[in-house]
Amino acid sequence: MRVHAPVHLRWGDLDAYNHVNNVELLRVLEEARVRVFWRSKDEGDGIDQGMALIEAEPGSETLTLVARHEVEYRKPIPYQRAPLDIQLWIGRLGGASLDVHYEVFTQDDDAAPAACAASTIVLVDASSGSPRRIRDDERRAWERYAEAPVTFTGRR
């Protein structure tokens with residue numbers, strides 16, 4: 001099961017070639033990931049809150065640190081007024097880390113994703129600074145969103 005997170009582009013996300021800059025796409029993925037994983041009291045734009053288990057407030061017990069990103073750009077992403085559809089799921093649940101996978105869809109008629117990506121997130125105990133195990137309640141909740149990892153086509 002995937003979570004759909006709509007993310008609007010900013011005009012400043014474009015580069016000189018008139019498409020979303022590669023660095024800005026990582027910001028878009030971050031925005032989607034934060035909106036899906038961090039607890040919030042707001043409605044969340046209708047985003048499925050089943051993965052939202054991480055406290056994002058100052059003084060939280062758990063930090064979420066990015067250990068790795070991999071992105072494959074499949075076609076240019078032009079500016080559009082409608083939000084991008086960022087689809088997220090869990091590709092791997094480890095002991096203290098998880099791999100979040102993404103497909104980025106534009107509003108064009110092509111059903112193929114414009115980009116695919118994966119991020120390895122490590123859960124860290126804020127007081128000790130050490131990785132902490134994924135708790136049973138987190139694992140149960142996140143397992144509902146487990147799916148095969150992204151297949152990167154450009155690997156050798």
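## Charge and overall build

In this predicted model, the protein carries 20 positive and 26 negative side chains, and the centres of the two sets lie 4 Å apart. Of the 156 residues, 44% are buried.

The secondary structure consists of two helices and five strands, in the order β-α-β-β-β-β-α from the N terminus. The radius of gyration is 16 Å, close to the 15 Å that the globule rule gives for 156 residues, so the protein is as compact as a globular protein of that length. Along the principal axes, the C-alpha atoms fill a box of roughly 45 × 40 × 25 Å. Among contacts between residues at least 6 apart in sequence, 68% join residues at least 24 apart.

## Two buried residues

Asp13 lies in the loop between strand E1 (3-7) and helix H1 (22-37). Its relative accessible area is 0%, so Asp13 is buried. Not counting residues up to four places away in sequence, Asp13 touches His19, Val20, Asn21, Glu24 and Arg27.

Thr120 sits in strand E5 (residues 115-125). Thr120 counts as buried because its relative accessibility is 14%, under the 20% cut-off. Beyond four places in sequence, its contacts include Leu65, Val66, Arg92 and Asp99. Arg92 is 28 residues from Thr120 along the chain, and their C-alpha atoms are separated by 8.9 Å.

| Residue | Partner | Polar contact |
|---|---|---|
| Asp13 | Arg27 | 2.7 Å |
| Thr120 | Asp99 | 2.8 Å |

How values were computed. Residues numbered from 1 in each chain as written. Predicted model: local features only at pLDDT ≥ 70, side-chain atom pairs only at ≥ 80, totals over all residues. Heavy atoms only, no water. Helix = DSSP H or I, 4+ residues; strand = E, 2+ residues; numbered from the N terminus. Buried < 20%, exposed > 50% of the residue type's maximum accessible area, 1.4 Å probe, protein only. Polar contact = N/O pair within 3.5 Å; in protein donor to acceptor, adjacent residues only side chain to side chain. Contact = heavy atoms within 4.5 Å. Rg over C-alpha atoms; globule rule 2.2 N^0.38 Å. Lys, Arg positive; Asp, Glu negative; His and termini not counted. Charge placed at Lys NZ, Arg CZ, Asp CG, Glu CD.
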